[in-house]
Amino acid sequence: AYFYTNPVEIEEPLEYDQNNDKIKNIQIMLDGLGYDVERSDGYFDKKTEEAVKQFQEDENLKVTGAIDQKTGGSIEAKIVELIQDGKNDKQMEKALDVLFQQ
């Protein structure tokens, strides 16, 4: 699902108990990066806050649990790296399988 997420655009920090599509987008990205968010419906619950804090710690960012432009940009950058890596591109894997079978 993270292959189809949108670029991160954050004007005001996203925080606990908020609910919107930007949070949903971030939740999908965090899940794709291996963080346990438990939900991807756009509600910023405590589990999402914990995942954000863990990401911030892992990336040496200020640990706040809120998603500001810097944290959001870092999450997006990590997703772009993951997508460009190619290891998780199921369509490419299938295309290569078909190509090599011919």
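Predicted model: local features only at pLDDT ≥ 70, side-chain atom pairs only at ≥ 80, totals over all residues.
**Stop 1: Leu14**

Start by selecting Leu14, in the segment before α1, a helix that covers 21-32. Is Leu14 buried or exposed? Buried means under 20% relative accessible area, and Leu14 has 4% relative accessibility, so it counts as buried.

Now show the neighbours of Leu14. Leaving aside residues up to four places away in sequence, Leu14 touches Asn20, Lys22, Ile23, Phe44, Ala66 and Ile67. Pick Ile67 from that group: 53 residues separate Leu14 and Ile67 in sequence, yet their C-alpha atoms are 4.9 Å apart in space.

**Stop 2**

As background, nonpolar side chains tend to be buried together in soluble globular proteins.

Next, centre the view on Phe44. Beyond residues up to four places away in sequence, Phe44 touches a list of residues that includes Leu14, Ile23, Val52, Gly65 and Ile67.

**Stop 3: helix α1**

Select 21-32 to highlight α1. What distance separates the end C-alpha atoms of α1? They are 17 Å apart, which agrees with the 16 Å that 12 residues should span at 1.5 Å a residue.

Colour the buried residues of α1: Ile23, Asn25, Ile26, Gln27, Met29 and Leu30. The buried residues of this helix pack against α2 and α3. While you look along the helix, keep a simple rule in mind: an α-helix has 3.6 residues a turn, so residues three or four places apart point the same way.

Then visit the two ends of α1. After the helix comes Gly34, whose phi is positive, near 95°.

**Stop 4: a salt bridge between loop and helix**

Charged side chains are the next thing to find. Side chains of opposite charge can pair when their charged atoms come close. The whole structure holds 6 salt bridges.

Select Asp36 and Lys47, whose side chains meet in a salt bridge at 3.3 Å, N to O. Where do these partners sit? Asp36 is in the loop between α1 and α2, while Lys47 is in helix α2, 11 residues apart. Asp36 is partly exposed at 45% relative accessibility, and Lys47 is partly exposed as well, with a relative accessible area of 23%.

**Stop 5: a charged network**

Finish by selecting Arg39, Asp41 and Asp45, which are linked in a network of salt bridges. Look at Arg39 and Asp41 to begin with: their closest N and O atoms are 2.7 Å apart. Then turn to Arg39 and Asp45, whose side chains meet at 3.9 Å, N to O.

Asp45, at 12% relative accessibility, counts as buried because the cut-off for buried is under 20%.

Definitions and conventions:
Residues numbered from 1 in each chain as written. Heavy atoms only, no water. Helix = DSSP H or I, 4+ residues; strand = E, 2+ residues; numbered from the N terminus. Buried < 20%, exposed > 50% of the residue type's maximum accessible area, 1.4 Å probe, protein only. Contact = heavy atoms within 4.5 Å. Expected span 1.5 Å × (residues − 1). Salt bridge = Lys/Arg side-chain N within 4 Å of Asp/Glu carboxyl O.
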